[in-house]
Amino acid sequence: MPRSTQYDCVIIGGGHNGLVCAAYLARAGRKVCVLERRAILGGCASTEELWPGFRVSPAAYVISLFLPRITSDLKLKDNGLVVLPRNPSSFTPLPDGRHLLLGPDTAKNQAEIGKFSAKDAQQYPKYEAMLTRLAHEIEPLLMSPPPHLPPRLRDIPKLWGYMRLVKKLGPAFPDAVELLTGAATPILHRWFESEALKATLATDAIIGAFASPSMPGTAYVLLHHVMGEAGGARGVWGYVKGGMGGLADALERSCLQFGVTIRREAAVKQINIHNSQTSGVTLETGEVIDARGVASSLDANVTFRMFIEARSLPEEMTAPLDRIDYSSASCKINLALDALPDFNTNEIPREIALRGTTHIAPTLEHIERAYDDAKYGEPSREPVLEITMPTTVDSTLAPPGKHLMSMFVQYAPYKLRDGEWTEAKKDAFADRCIDLLARYAPNIRNIILHRQVLTPVDLERVYGLTGGNIFQGAMHLHQLGPLRQGYTTPIRGLFMCGAATHPGGGVMGACGLNAAGAILKA
């Protein structure tokens, strides 16, 4: 078999975390090679011309949580990264013709919410202030490496940081615990009375999770509403100019400047292990790439079950691997449109109203019933739709006058009670989503030029996500922090650098950054 030059570290997977990890290692003087199975970099954060002239972000579609430190350290703006803020940020049409429009302007938000509830209009700024304060205090701990379990001497400063946080939060500590561990619904009921507002906020709490907002663990995602500064200010979510692949392009340029070798269409077959120590990888072609270290940005199931021979897997790793929850009910539908959908936006032009996320979920009960179907293995009869139209902000993504629509759909379970996902079932579910959308935008069926449907099974096949889980494992409390997959592993020289590690899923880059730090210290 052919053998390559030895590297200090081989990174498996050219997603954003893998590229971040590679750049930091090379910046520190390490000889690094990134191996990407596909012809396109970015993993879920990619841009693809699915149809002539239409540059689609098939999976991930917005950015906010990406760490400003990474953008600065790797000079990503100099390397072409441009984030386009969205204002307004949220549009919720209702069956009776009314709508709720939210954005960064507090006074305008209060006026919009006041159409439904004067009490909620007064409460909303207080709610956002509460979330912002907690996020400001908690975010540094969420984004930094967690302490080891059981704690080691070097973990004492981290543990002390947690204790200082408890003291600093004071009376707000119970609120923080509830947000990190509890359900979204009780919190929203306590703060608000308007169904339109509660449903809008609850939609954010369940995206990507196989859970309803009444289930523990969903409140944590409410914090994401006010976290991150990639959009230019705290809590402002934006589009990457040129599609999400613009982030991968900027990271690739940074990697190349630091001397990283990047190989596309280089599928890994096996991580080579001798005497509990990695020695590199073997590609599907039979080529052996020697390396002192290997870092996988793929999930734990793929890394340890598919790339490592069972006899080489330490016994103490089996139980933790079995505990990871990969259940998923997320579907992505991408549409190329001949015109804008005809939502009734009254006093504001559609091209402005549709800049943010459009929520098709009028009540909390609607979301709960949608989950109930999936809980029993059925695609939701009345799905929850989160819709974005990046072409309202970035005209480079489609031909003149045309548009792209991204529909993130809950709930379409990976495992169906009645057989497998077939093309007929995919089309039927996509038609159901379009029919639901047509109640709010009657012209939608007549303006669709092309469509792509990605069920959880497709997300697994295309992006290597076990079960189609976009977070590389559910983000419940028992799978966060030191309880999530570690950056280091019991196999010497083998590391993890993707969303399977703390702090988990989302386009943050924190997993890759933290992993690089662990590798450099090893």
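Trainee: Which element gives the most to the lining of the largest cavity?

Mentor: This is a predicted model, in which local features need pLDDT of at least 70 and side-chain atom pairs count only at pLDDT 80 or more, while totals for chains, interfaces and linings use all residues. Residues are numbered from 1 along each chain as its sequence is written, and side-chain values use heavy atoms, with hydrogens and water left out. Strands are DSSP runs of E of at least two residues, and helices are runs of H or I of at least four, numbered from the N terminus. With three residues, the largest contribution to the lining comes from β16.

Trainee: By what rule is a disulfide counted, and how many disulfides result?

Mentor: A disulfide is a pair of cysteine sulfur atoms within 2.5 Å. The sulfur of Cys9 has its closest cysteine sulfur in Cys21, 6.1 Å away, which is too far for a bond. Cys21 is in no disulfide either, as the nearest cysteine sulfur, that of Cys497, is 4.4 Å away. The count of disulfides is zero.

Trainee: Is Cys9 buried or exposed?

Mentor: Buried means under 20% relative accessible area, exposed over 50%, and partly exposed in between, with a 1.4 Å probe and protein chains only. The relative accessible area of Cys9 is 3%, so Cys9 is buried.

Trainee: How far apart are the end C-alpha atoms of helix α9?

Mentor: The expected span of a helix is 1.5 Å times one less than its number of residues. Helix α9 has 13 residues, 245-257, and should therefore span 18 Å. The distance between its end C-alpha atoms agrees, at 18 Å.
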